[in-house]
Amino acid sequence: MDVPGTKEVREAHAFPTVSFMGYMERFSVFGENLVSLRQFHGGQSNPTFYMKTDKGEFVLRKQPPGKLLKSAHAVDREFTIIKALQGTEVPVPELVCFCEEAKVIGTPFYVMRYVRGRIFEDVELKSVSPKERKLMYLDMAKVLAKLHSVNVNEVGLQNYGKSERFLERQVKTWARQYAKTKTVSIPSMDKLGKWLLSHVPPSPSRAMISHGDFRLNNLIFHPTEPRIISVLDWELSTLGDPLSDFAYCTMPYYFSKENGTVMGGLKDTTSEGIPTKVEMLRVYTFHRGGVSLNNLEYGVAFSCFRIAGILQGVAKRAELGNASSSNAAAVGKFAKYFADEGLEIAIGSDIGFMEGQGNLLPFSERGKVLREKLIAFMNKHVYPGEKVYFEQHSRMSTRWAIPPIMEELKALAKAEGLWNLFLPSRAESIGLSNLDYAPLCEIMGRSLIAPEVFNCNAPDTGNMEVLERYGTAAQKKKWLEPLLNGEIRSCFGMTEPSVASSDATNIRSRIQKVGNEYVINGRKWWTSGAGDPRCKLCIFMGKTNPNGPAHSQQSMVLVPMDAPGVELIRPLEVFGYDDAPHGHFEVLFTDVRVPASNILLGEGRGFEIAQGRLGPGRIHHCMRLIGLAERCLETMLTRIMSREAFGKPLAQFGTIQADVATSRMEIDQARLLTLKAAHSMDVFGNRVARDQIAMIKAVAPAMACRVADRAIQAHGGGGVSQDFPVAYAYVAARCLRLADGPDEVHVRTVAQLEYKKFRAKM
């Protein structure tokens with residue numbers, strides 16, 4: 001009779017059948033003659049075998065050979081729970097025996113009756129009718145609910161595990177397992193583990209059995225009916241949280257087929273009849289007596305983390321040569337995939353930032369100290385220095401000269417250790433997280449001159465981050481070091497007047513390889529900082545391969561501003577302001593030649609660099625805008641408290657009060673959203689936090705515009721004059737609704753990601 005899912009016994013898992021049969025003589029139900037012995041394909045952890053004797057069909061499950069991790073491959077626990085569940089509403093195989101004596105076949109093992117039925121590897125269940133598909137999935141939810149309803153005291157499993165803080169302990173356990181079996185570094189695994197520990201949901205009120213691996217291919221369905229007749233693979237079972245089981249069994253709903261044979265995917269299924277997650281949860285809740293589950297996305301993220309840990313162990317066993325499955329090495333490679341996906345599900349869930357167990361805003365003590373130090377420096381030096389700066393600038397022989405006070409303030413900031421605050425991981429920097437740097441950025445944003453004082457000014461911050469991340473040692477020595485020292489400045493050449501540059505694939509400028517050089521041709525505008533006499537470097541984006549894939553055509557190259565062929569055409573004004581001595585220039589590049597070694601990261605990597613650059617840069621812009629909005633609100637309050645109209649102070653008018661209240665609410669909302677994005681970037685990385693980065697880039701400039709506009713209105717005619725800073729504040733904020741991508745691009749990104757999350761929940 002055919003035994004589906006089996007193969008010849010692997011040589012590495014062969015065991016002495018004579019010794020085994022000698023041991024089994026004591027169990028009359030087993031029989032005396034071994035007719036057939038085969039190994040099941042599955043069982044990445046514990047080798048599992050089909051046996052036919054003169055008395056019937058059986059299954060042997062044993063530990064793998066070789067050195068094992070402590071507490072792993074516990075076949076004794078499998079036997080214990082299957083025995084305890086005999087006679088309950090949870091269908092399990094009939095047991096024969098358990099042998100803990102390794103001398104019999106080399107490892108402990110247990111034997112159970114073989115249950116003949118249907119096991120499905122394909123989560124879409126394409127081999128059955130749509131009606132059967134639905135009934136099979138709903139029976140999964142029912143059986144799982146029955147398992148979670150078992151009274152552990154009545155079946156003698158009260159000491160089977162510790163249910164308190166189950167998820168927290170599981171995260172720590174799998175983090176340790178991952179560390180012990182690590183074959184490659186998976187950054188998302190570390191970030192996901194950190195997130196899970198920070199957002200653990202409350203534990204259930206009573207101890208419940210957790211299967212640990214409850215999924216379609218661990219279930220045996222009746223040969224002809226759409227119902228489960230046996231639940232298999234109890235190795236990971238314990239007392240725990242039902243959330244982990246339900247989330248795990250619904251994981252295919254979150255994935256497409258692209259993840260191969262490891263889990264399968266239902267997100268893009270075309271199979272009719274498969275119920276939605278909501279229907280599954282409804283049936284589960286009904287059979288739990290009305291008890292439902294919350295924080296499902298947390299459970300799925302945890303399941304991804306655990307699977308990644310398991311697969312890392314599979315990869316390690318493949319490396320050591322004692323894996324249970326012949327495809328272990330291939331399967332193990334999916335560890336990174338599940339860690340990445342789990343991280344994305346976690347960040348998309350929004351669990352915990354506002355209501356989680358972790359600190360709402362976990363600023364470091366170092367960040368708090370720096371904040372106080374920065375505020376003191378601003379009060380003592382920067383705010384008083386603003387008037388001096390602008391007075392000195394008005395007396396310069398050219399608008400493109402630097403007021404002397406700037407270098408004086410830079411020297412003071414550097415001496416006090418308030419220097420390069422933005423850069424997270426270099427000796428020349430403070431080494432702050434995005435979350436810790438964000439409030440400092442807000443403080444600096446209150447003054448138009450402050451960012452440069454602390455060497456935290458755009459576009460230099462973004463350019464320094466590019467050089468730090470992607471530059472060669474030679475590029476760093478020539479350009480990064482003087483930028484970090486505040487000796488030179490730089491600009492970024494991307495936007496072009498001839499195309500809609502919000503779609504960067506439109507960029508027309510060319511970077512052509514000629515011998516050992518690149519020849520650069522193109523016209524850029526809104527090249528911020530190009531007018532500064534200290535600007536010595538332009539990071540230039542152009543096409544090296546116009547016929548390549550859309551996002552691999554562009555490259556970035558380092559162009560000295562004094563190279564022949566670089567011509568400053570004109571300064572561009574923003575509502576009449578030229579922003580001197582910084583400026584925004586139109587720049588022409590005509591047959592500019594630079595060494596081939598000036599390419600950044602390699603040809604076709606321009607988009608990759610741009611994305612790495614823009615995430616932190618957008619956070620910096622937004623926090624500076626929040627500081628600018630705060631300054632506008634303070635200026636407005638000063639005005640309305642000191643002016644009277646129609647016989648009473650302006651502050652007593654209802655419209656003014658509404659403007660003040662609305663401004664405060666909008667500033668605080670934008671700040672929280674921006675801090676959340678900064679925190680997400682630290683925990684999950686820029687790619688996963690891209691929806692929040694897009695949100696804050698659309699929200700913060702528009703908010704600052706509105707606040708500045710209200711301040712202008714409160715100042716009357718003075719608000720639009722040069723006598724008060726609010727007019728220029730409006731101009732600066734309005735400009736940033738376009739810089740680093742217009743609002744529409746960011747809104748579009750948010751919408752697309754919302755669609756993606758919604759489809760995943762369907």
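Trainee: Is D340 buried or exposed, and what is its relative accessible area?

Mentor: D340 is buried, because its relative accessible area is 17%; buried means under 20%, exposed means over 50%, and partly exposed is in between, using a 1.4 Å probe and protein chains only. Keep in mind that this is a predicted model, with residues numbered from 1 along each chain as its sequence is written. Local features need pLDDT of at least 70, side-chain atom pairs count only at pLDDT 80 or more, totals for chains, interfaces and linings use all residues, and side-chain values use heavy atoms, with hydrogens and water left out.

Now look at the partner. D340 forms a salt bridge with K336, the closest N and O atoms being 2.7 Å apart; the term asks for a side-chain nitrogen of Lys or Arg within 4 Å of a carboxyl oxygen of Asp or Glu. K336 counts as partly exposed, at 43% relative accessibility. Both residues sit in helix α11 (residues 335-349), 4 residues apart, which is about one turn of the helix. Helices here are DSSP runs of H or I with at least four residues, strands are runs of E with at least two, and both are numbered from the N terminus.

E407 is partly exposed at 38% relative accessibility, while K410 is buried at 6%. This pair belongs to a network, in which salt bridges that share partners join E407, K410, E452, D460, R489, D532 and R534. Another bridge links E168 and R165, with the closest N and O atoms again 3.2 Å apart, and R165 is partly exposed at 44% relative accessibility. The structure holds 39 salt bridges.

Leaving aside neighbours within four places in sequence, D241 is in contact (heavy atoms within 4.5 Å) with F166, L167, P202, P204 and S210. As for α7 itself, 8 of its 8 residues are buried, so the helix is largely enclosed by the rest of the structure. Among those buried residues are P242, F246 and C249.

C249 leads us on to M140, which has C249 among its contacts, along with F214, R215, L216, L219, F221, I228 and M280, again leaving aside neighbours within four places in sequence. M140 and Y137 touch the most other members of the largest nonpolar core, which has 89 residues. Such a core is a set of buried Ala, Val, Leu, Ile, Met, Phe, Trp, Tyr and Cys residues joined through side-chain atoms within 4.5 Å. Helix α9 (residues 296-320) gives the most to this core, with 10 residues. A second, separate core of 87 residues includes A438, L467, M494 and L537.

The peptide bond from A458 to P459 is cis, with omega near 0 degrees, and P459 is in the loop between α15 (450-453) and α16 (460-470). A580 and P581 are also joined by a cis bond, with omega about 5 degrees; P581 is in the loop between β16 (566-571) and β17 (584-595). F575 lies in the loop between β16 and β17, has a positive phi near 50 degrees, and is exposed, with a relative accessible area of 60%.

Now zoom out. The chain has 22 helices and 19 strands, and of its 762 residues, 56% count as buried. Along its principal axes, the C-alpha trace spans about 105 × 75 × 50 Å.
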